[in-house]
Amino acid sequence: MGHLPNLRVKYTEIDWIAYMQEVEGFLNGTLDYKYLKGDTGPLVYPAGFLKKGSASTEARCIRFETSPFRCDFDARSLRLRVSHFHAKMSFRVVRSSKFRHVYGQALKREQCYDNIRVSKSSWDSTFCAVNPKFLAIIVESAGGGAFIVLPLNKITQVGRIPADHPLVGGHKGPVLDIAWCPHNDNVIASGSEDCVVKVWHIPDHGLIKTLTEPVVDLIYHQRRVGLVLWHPTALNVLLTAGSDNQVVIWNVGTGEALVHIDCHPDIVYSACFNWDGSKLLTTCKDKKIRILNPRTGEVESDAICHEGTKATRAIFLRHGLVFTTGFSKMSERQYSLRTPDALGEPIVMVELDTSNGVMFPLYDPDTNLVYLCGKGDSVIRYFEITPEPPFVHYINTFQTPDPQRGIGMMPKRGCDVTSCEISRFYRLNNSGLCQVITMTVPRKSELFQEDLYPDTLGDTAALSAEEWIEGKDAEPILISLKDGYKPPESKASITVTKRSNMLNKIPPKSKSGGASPVSDKTLQEFADEIRKLKAVIVKHETRICKLEEEVARAKAANVDEDGPGGDGLNASVQMASDEV
């Protein structure tokens, strides 16, 4: 009883709730005064009640049993309440959540993908992108950059991948980032060190030969392009960011740049659209996090994200909050939760460990789970975001023996709802193995679990690129997974319609002022002449090849008569009949 707070003090309800919120934050491991807050404000130094409130179960008993938040009862009554509290501790100590028992499981090696030469680039990227149809992985390639695309609907495609498997290899420099279009599972974009962004169309059956011709090249950046990101609701809208500190938003359907954003003084580390695509969140090497208007490039708010110098990442959560990962001044890895209107005052700031790898936050908007995957780590940590303090709840850690080189997350429509699978990851190892990991909620029933699978993001765009740039916003179109998801047949191949050049609209000059337009008859004559010249070239090439063969045979015959290495002195000389 020596640790009990003064039971004769009468608390107001507001103060008591604030005190208990601060106690809960302390119990969850937050030790920094700046981040211990209640509804009425931050924690007041020295706050000795934290130790007392967290060290005694009686204090917890008062929290849950007192009404109306007055502590005026004798010792006997207190003991009765304590005993009653211990009888209820089993469900009050452990937070109630349907995702509390989520577990990860790796598939057998023969069900995974092996012998993949994963890229050795030092760029901080996931190196992997996946959708219900295809798995794409950036690989090492001589003479330029490439990535491999594997169809997921072919059972025979798993296991050891042949070394000569066809690639997507049109870049002249290493590929740094790839992203599948959320509205067309056959379309993928890639950014490279050659400063070019390419958009590709993959056939339904996969590749039978190396693909080198993209649908469109997007050329604007002056330095390498390390980030590509599709808009969540608008069709054919793609964001790219390069080491030239420029962010460009493209209309892939016309191949033109819609918006140029140049407010970043240094390299852009990450970018993320909010739920309806009306806001853009970026992190930069200058340690700042920014919320932008993606149509105008105007900065709406900014703040210091993490104080460390290493790369940071930030994502929008479904209901508007911002989740970030980064490093402290002492190079300790951190994650934080913030509100858009107060970016500089994190709601939660937690230090994880002292590892060097950049953490990639992968978010599931249907379950509000965030998975933290660090480059070089051998673990995947996952957390649940809730409205109750401390808001970011640690659930569990999936442990593997091998460090990860990259990782990709399957969209929810690609998960197996019959086995209560809520997430699937494709984890790249340094050994060349792409390990498939499933995250499952244990349920005995084989029926469809509606609480685990609310309507999820579909593959239909809510807006066109023209509607979006004009200022229209729309929520993503959701689909139900009750009957499972079947990937549709290949949608119409993405087509690029180049807008006409204004110079082409200038009327031709008159005959007196310049050359007249070339007639169709003249063009046909030129075409016939070119065809004849090509035929002559082919004949000359054939004749040259025959002459080269005759010369080679003559040289070989000469060597045989003279002997190997001879100087020609022993060769017989043909003499005329009248010569002696």
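Does Asn 245 count as buried or exposed, and at what relative accessibility? The legends below take up this question along with other views of the structure, which is a predicted model.

**Figure 1. Asn 245 sits in a loop between two strands.** The loop that holds Asn 245 runs between strand 15 (237-242) and strand 16 (247-251). Asn 245 counts as buried, because its relative accessibility is 18% and buried means under 20%. The backbone of Asn 245 has a phi near 70°, a positive value in a residue other than glycine.

**Figure 2. Phe 127 is a residue with positive phi that is not a glycine.** Its phi is about 65°. Phe 127 belongs to the loop between strand 4 (113-114) and strand 5. With a relative accessible area of 0%, Phe 127 is buried.

**Figure 3. Pro 389 and Pro 390 are joined by a cis peptide bond.** The omega angle of this bond is about 0°. Pro 390 is found in the loop that lies between strand 28 (379-385) and strand 29 (392-399).

**Figure 4. The largest nonpolar core of the chain has 37 residues.** The residues with the most contacts inside this core are Tyr 113, Ile 116, Leu 135, Ile 137, Phe 147, Ile 202 and Tyr 426. Two or more core residues come from each of these elements: strand 5 (128-130), strand 6 (134-139), strand 7 (145-151), strand 10 (175-180), strand 31 (421-429) and strand 32 (434-440). Strand 6 gives the largest share, six residues.

**Figure 5. Phe 147 is shown with the residues it touches.** Phe 147 is one of the residues with the most contacts inside the largest nonpolar core. Leaving out residues up to four places away in sequence, Phe 147 touches Ala 136, Ile 137, Ile 138 and Val 139, among others. Further residues touched by Phe 147 include Leu 167, Val 168, Val 175, Ile 178, Ile 188, Ser 190 and Trp 200.

**Figure 6. The whole chain, for orientation, has six helices and 34 strands.** The chain contains 580 residues, and buried residues make up 48% of them. The chain exposes about 30500 Å², of which carbon and sulfur atoms supply 53%. Taking contacts between residues at least 6 apart in sequence, 52% join residues at least 24 apart.

How values were computed: Residues numbered from 1 in each chain as written. Predicted model: local features only at pLDDT ≥ 70, side-chain atom pairs only at ≥ 80, totals over all residues. Heavy atoms only, no water. Core = buried A, V, L, I, M, F, W, Y, C linked by side-chain atoms within 4.5 Å. Buried < 20%, exposed > 50% of the residue type's maximum accessible area, 1.4 Å probe, protein only. Helix = DSSP H or I, 4+ residues; strand = E, 2+ residues; numbered from the N terminus. Contact = heavy atoms within 4.5 Å. Areas by Shrake-Rupley, 256 points an atom, 1.4 Å probe, with all protein chains shown as cover.
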